[in-house]
Amino acid sequence: MQQTLEPLITSAWLAAWDRGDLDALDGLVTPSYTRTSKATGATVDLAGLKSEIAAVREAFPDLRTTVDDVVEGTGTVAVFWTSTGTHTHEYLGVPATGLTVQTRGSNILILNDGKIVKETVTWDGSELLAGLGIRPLRGIAAPVVPVGGEGAGEFAELDPSLMKAFNRQFITGVTVVTTKEGDTPKGLAANSYCSVSLEPPLVLVCVQKTSSTYPALFSSSHLGINILGTEQLNTVKTFASKAPDKFAELQWHDGPKGSPLLDGSAASLEAEIQERFQAKTHTVFICRVRHAEISETAPMVYKAGHFFDGAELAEL
Ligand SMILES: Cc1cc2nc3c(=O)[nH]c(=O)nc-3n(C[C@H](O)[C@H](O)[C@H](O)COP(=O)(O)O)c2cc1C
């Protein structure tokens, strides 16, 4: 390469990523430009890249990037970069955490006549998400790419009605998962509660990201899990709804760290959130139990959309 491209690439790069001047990229690429992520396999054109930059800049408005190194070869350029920013808006389904995080990556650019034809990005976002306290589940964060030839369709999704039918055969209790948003108690009905281990005392619960309780839950250090009793049919209906103040008619008290624990529950616990695994539409919260209250009240039983009396179970 006779003339070094480094100053041009660095200045357009910083203009776009740090100042939001997306059109600065226009002179850098050919009309057929594509950018492929090695992590996800997704390919975008220039417009797609601009949207990605806009989304990152919206989530991390104080984004600052350092181009650490630009290595020029014959017809190729490798760019090594580091970005730092404060997470003030939702990104990749993760509500704002207020945390300042750093992430690094490298891009390989293929050139033609001094313009970028093709770009491959080695950045999978997991370092960034880890900095936000998130772990994407392997194989779930990335799209499934069907393979051709023998074994094609191997990864075809299961029919959702079959999955529903399977779940309807599974009997659970019902819990209300709680937290606070400031001083306001928040909560939702959940039957995804599961004990993970006794020593250490770990439990998990899966919460849909569209839940109105989710942002408060996500940013909490602790949560409450209340196993509902047979007298709490109205309570489960309230917490399975979008009612604005689900606690209005209820007696409840604070756990040691302030998580709302519902009076009349079969059992309640307060736990410290230790992991927030991203599983597409849901987040799996893995929590270490710090406090538990057990009552004599029989638990409510849930099967296939119906609630049953846990005191009337017939032993086999
Ligand atoms: C028996 C039962 C179990 C439920 N389990 C879950 C669950 O495990 N995770 C979840 O995100 N939603 C679950 N839901 C749905 C939520 O309770 C429901 O979407 C609720 O309206 C959410 O309220 P919110 O948006 O105010 O947080 C369940 C509902 C019922 C009735």
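The model is predicted, so local features need pLDDT of at least 70 and side-chain atom pairs count only at pLDDT 80 or more, while totals for chains, interfaces and linings use all residues.

**Ligand shell**

- The ligand is surrounded by 17 residues, the closest being Ser192, Ser211, Ser212, Thr213 and Lys242; a residue is near a molecule or strand if one of its heavy atoms lies within 4 Å of it.
- By class, the shell holds 8 nonpolar, 7 polar and 2 charged residues. Here Ala, Val, Leu, Ile, Met, Phe, Trp, Tyr, Cys and Pro count as nonpolar, Asp, Glu, Lys and Arg as charged, and the others, Gly among them, as polar.
- Strand S9 (184-190) and strand S11 (202-208) each contribute at least two shell residues. Helices (H or I, at least four residues) and strands (E, at least two) are DSSP runs, numbered from the N terminus.
- An N or O atom in the side chain of threonine 213 is 2.5 Å from a ligand oxygen.
- Backbone N or O atoms also lie by ligand oxygens, at 2.7 Å for glutamine 208 and at 2.8 Å for alanine 189.
- On its own the ligand has 650 Å² of accessible area, and the protein covers 84% of this. Accessible areas come from the Shrake-Rupley method with a 1.4 Å probe; for residues, only the protein chains shown count as cover.

**Salt bridges**

- The whole structure has 7 salt bridges, each being a side-chain nitrogen of Lys or Arg within 4 Å of a carboxyl oxygen of Asp or Glu. Side chains of opposite charge can pair when their charged atoms come close.
- Lysine 50 and aspartate 26 form one of them, at 2.8 Å from N to O. Lysine 50 is in helix H2 and aspartate 26 in the loop between helix H1 (6-19) and strand S1 (29-37), 24 residues apart.
- Lysine 50 is buried at 17% relative accessible area, whereas aspartate 26 is partly exposed at 35%. Buried means under 20%, exposed over 50%, and partly exposed in between (1.4 Å probe, protein chains only).
- Asp23, Asp26 and Lys50 belong to a network of salt bridges.
- Arginine 35 pairs with glutamate 52, with 3.8 Å between the closest N and O atoms. Since arginine 35 is in strand S1 and glutamate 52 in helix H2, this pair ties together parts 17 residues apart in sequence.
- Arginine 35 is buried, at 10%, and glutamate 52 is partly exposed, at 34%.
- Lysine 180 and aspartate 254 form a salt bridge at 2.7 Å, N to O. The pair joins strand S8 (residues 175-181) to strand S13 (residues 252-254), 74 residues apart.
- Lysine 180 is partly exposed, at 22%, as is aspartate 254, at 42%.

**Aspartate 45**

- Aspartate 45 sits in the loop between strand S2 (43-44) and helix H2 (46-59), and is partly exposed at 44% relative accessibility.
- A polar atom of the aspartate 45 side chain lies 2.9 Å from the backbone nitrogen of glycine 48.
- The backbone nitrogen of alanine 47 lies 3.2 Å from a polar atom of the aspartate 45 side chain.

**Surface patch**

- Leu158, Leu162, Met163 and Phe166 make up a nonpolar surface patch with about 430 Å² of accessible area together. Patches are made of residues with over 30% relative accessible area and no salt bridge, with like charges joined within 9 Å and nonpolar side chains (Val, Leu, Ile, Met, Phe, Trp, Tyr) within 5 Å.

**Backbone features**

- Most residues other than glycine have a negative phi, and most peptide bonds are trans.
- Glutamate 199 and proline 200 are joined by a cis peptide bond, with omega about 5°. Proline 200 is in the loop between strand S10 (194-197) and S11.
- Aspartate 113 has a positive phi, near 55°. Aspartate 113 is in the loop between strand S5 (100-112) and strand S6 (115-122) and is exposed, at 77%.
- Lysine 280 has a positive phi, near 55°. Lysine 280 is in the loop between strand S15 (267-279) and strand S16 (282-294) and is exposed, at 55%.

Notes:
Residues numbered from 1 in each chain as written. Heavy atoms only, no water. Polar contact = N/O pair within 3.5 Å; in protein donor to acceptor, adjacent residues only side chain to side chain.
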